[in-house]
Amino acid sequence: DSLVGVCMPECTKQECTTTTSTQPPNQDAASLPSLSASGFTMGGCCSSPKTPEQRRARRQARLLTRVLQPRLGGLPGLDAINALASACGGPRGHVTHDAMLAMLRVQESVLTARFCTILGGRGHSACGGSTRSCGTLEGLLGALANLNARIPVRTQAAAVSHARAVGEHEARLAFAFALYDLDGNGSVSRQEVADVVEQSMGGNQKKIATTVRVALGCDADLAGGGNGDGTIDFTEFKRVAEKLPGFLYPSFSLYEILREYSSHAATALALLHSAPATVG
């Protein structure tokens, strides 16, 4: 388990009892990926770190939480920002994949791996890989700030001031589309839909087959009709989501978890860039 040894030390055995959110209303439970199967659970994180990489991930996770969820409703402090930057190797130093998982208290999934790839991470490997990156510290803070402002998560810092904010529902769909577009080519293919559903369901072949069949049948291109290219763009993706909302439930769950850490990200990013000499 990639979370072993990297969770924050405040985590107790009682807190680590696995919890799973309920399914959204009016959905066929048999056709929905469950949060527990998707890796969005709260368990398995109480072991002590055993390697330098695990200790680094735990320290990064603890400092990220201190910065992004300051106690008593305060704002991130410069001392905390400096400590976080030091733990990551500077603003352009890398946050480990395991640190992000431990901060969010979720398990690894195809969607968390894709999110790290969007941030410029060094790719996805088997569970237990100790040196995987989730992109740079400034990249992670920037992506969280974008989520809070409801602009595309991949918007570069230089373009943020010109980006158009969208409504909450549209922002959730755009985030889901970015995750399901596994190869980053701007469209979602039949194979990508199948891959995400299969890897999100933990080997439950019956549920996988049902969900893939229903999802693919919602769009002519994915079903093999239409123009026959087997891919859908964002507009078509939204039509699929309207017909089968539960299809995107795992990505929406990750979106909500990330949003919980986003409200102070812009402030943290500004502080990170305000003292480059001290944070290296």
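First, the rule I used: a disulfide is a pair of cysteine sulfur atoms within 2.5 Å. I'm on a predicted model, where local features need pLDDT of at least 70, side-chain atom pairs count only at pLDDT 80 or more, and totals for chains, interfaces and linings use all residues. Residues are numbered from 1 along each chain as its sequence is written, and side-chain values use heavy atoms, with hydrogens and water left out.

Entry: disulfides. I counted one disulfide by that rule. Cysteine 116 and cysteine 134 form a disulfide, with sulfur atoms 2.3 Å apart. Cysteine 116 sits in helix 5 (residues 110–118) and cysteine 134 in strand 2 (residues 133–136), so the pair ties together parts 18 residues apart in sequence. Helices (H or I, at least four residues) and strands (E, at least two) are DSSP runs, numbered from the N terminus. I get a torsion of about -90° about the S-S bond of cysteine 116 and cysteine 134, so the disulfide is left-handed.

Entry: burial. I call a residue buried under 20% relative accessible area, exposed over 50%, and partly exposed in between (1.4 Å probe, protein chains only). Cysteine 116 is buried at 3%, and cysteine 134 is buried at 0%. I also looked up cysteine 88, which is buried at 3% relative accessibility.

Entry: helix contact. Contact here means heavy atoms within 4.5 Å. Glu170, Leu173, Ala174, Ala176, Phe177 and Tyr180 in helix 7 meet Phe234, Phe237, Lys238 and Ala241 in helix 10.
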